[in-house]
Amino acid sequence: MTMSVADYARECAAQGLRGDYSVCRADFTVAQGYDYSADEQAVWRTLCDRQTKLTRKLAHHSYLDGVAELGLLDQIPDFGAVSEKLRKLTGWEIVAVPGLIPAAPFFDHLAHRRFPVTNWLRTRQELDYIVEPDMFHDFFGHVPALTQPVFADFMQMYGERAEDVIALGGDEMITRLYWYTAEYGLMQEAGQPLKAFGAGLMSSFTELQFAVESRDAHHVAFDLETVMRTGYEIDKFQRAYFVLPSFDALRDAFQTADMAAIVGRNKGKPALDPATV
Ligand SMILES: C[C@H](O)[C@H](O)[C@H]1CNc2nc(N)[nH]c(=O)c2N1
Ligand SMILES: N[C@@H](Cc1ccccc1)C(=O)O
Ligand SMILES: [Fe+2]
């Protein structure tokens, strides 16, 4: 692990991130501390109700199958109870974190089948979109798919391969790959309408509709090396969405890629502009 919790806490405070990083353990986890107000519970239900109407229409079926399997969206989740359920289904658990954490510990959690979930919730003013991951994003966006064995295995492999790529000096490149697939990926299977599967889309009322339905959204056919070279910003709608033909295509690209060669060719080069890829 490259960055200490104390250094990261200072950096996050300087950037205006909302979580309290001063209470983190060395692996960036904290206690969930289940003490949410009635108002926060109401915000949670509002978020789930309005977003579920959209995902029914715009989300890939692997996500919707996950929601059906997981249930539990009527109140703010108790991470311990959810972990118990997930462990039985796919061997995953969720751990509480104060918000965005650095790439290396994040991928280390994934490699060990632990998914980091932020322990605080966006406010009523941020129902449509929030600039940093909160509990609604982490839980509603990511956790349902972890009930699906194929996806659950894939996320662990992501964590393992990421550690190798980081060791080669490719942390920016592997982070972009995660970003444009797990967070903002779209899927168009043969003969099917375009669907979303990325968690950053699942949790945003406005960006989910924009990415799938707007003529202004920039859709690009998935290519592993291009994705690994394309820059991104976390606090604005994405200027490119990469479209996969299937999950198998993603897994194959991952398994056959010569990561050392890709990192070697591209390390230190400026990122591609997402608007023009
Ligand atoms: C690896 C990459 O930086 C990725 O966006 C990670 C980083 N840290 C994170 N931390 C939290 N809490 N939630 C996330 O979704 C992520 N995503
Ligand atoms: N923009 C996402 C949250 C998010 C922020 C940053 C990274 C990933 C996701 C939402 O509104 O739900
Ligand atoms: Fe996320």
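Some housekeeping before the sites. Because the model is predicted, local features need pLDDT of at least 70 and side-chain atom pairs count only at pLDDT 80 or more, while totals for chains, interfaces and linings use all residues. Residues are numbered from 1 along each chain as its sequence is written, chains are lettered from A and ligands numbered from 1 in the order in which they are written, and side-chain values use heavy atoms, with hydrogens and water left out.

I start with ligand 1. There are 16 residues around ligand 1, and G99, I101, D138, T175 and E183 come nearest; a residue is near a molecule or strand if one of its heavy atoms lies within 4 Å of it. For polar contacts, the rule is a pair of N or O atoms within 3.5 Å; within protein, one must be able to donate a hydrogen and the other to accept it, and residues adjacent in sequence count only if both atoms are side-chain atoms. A polar backbone atom of G99 is 2.8 Å from a nitrogen atom of ligand 1. From the side chains, a polar atom of D138 lies 3.3 Å from a nitrogen atom of the ligand, and one of E183 lies 3.2 Å from an oxygen atom of ligand 1. Taken alone, ligand 1 exposes 390 Å², of which the protein buries 94%; accessible areas come from the Shrake-Rupley method with a 1.4 Å probe, and for residues only the protein chains shown count as cover.

Which helix gives the most to the shell around ligand 1? Helix 8 does, with four residues. Helix 5 (103-111), helix 6 and helix 8 (171-183) each supply at least two. Helices here are DSSP runs of H or I with at least four residues, strands are runs of E with at least two, and both are numbered from the N terminus.

Now ligand 2. The residues around this ligand include R122, H137, W179 and Y184. A polar side-chain atom of R122 lies 2.9 Å from an oxygen atom of ligand 2. At I130, a polar backbone atom is 2.9 Å from a nitrogen atom of the ligand. The side chain of S203 has an N or O atom 2.6 Å from an oxygen atom of ligand 2. Alone, ligand 2 exposes 320 Å², and the protein buries 99% of that.

Next, D134, in the loop between strand 2 (114-118) and helix 6 (135-142). D134 is buried, with a relative accessible area of 0%; buried means under 20%, exposed over 50%, and partly exposed in between, with a 1.4 Å probe and protein chains only. Its side chain reaches the backbone nitrogen of R122 at 3.0 Å. The backbone nitrogen of H137 also lies 3.0 Å from a polar atom of the D134 side chain.

Back to helix 5. Why is helix 5 described as largely enclosed by the rest of the structure? Because seven of its nine residues are buried. Those buried residues pack against strand 1 (93-97), strand 2, helix 7 (149-167) and helix 8, where contact means heavy atoms within 4.5 Å. Just after helix 5, R113 takes a positive phi of about 55°.

Last, V143, in the loop between helix 6 and helix 7. V143 is buried, at 0% relative accessible area. Beyond four places in sequence, V143 touches L70, V82, L86, I94, V117 and D138. The C-alpha atoms of V143 and L86 are separated by 9.1 Å, with the two residues 57 apart along the chain.
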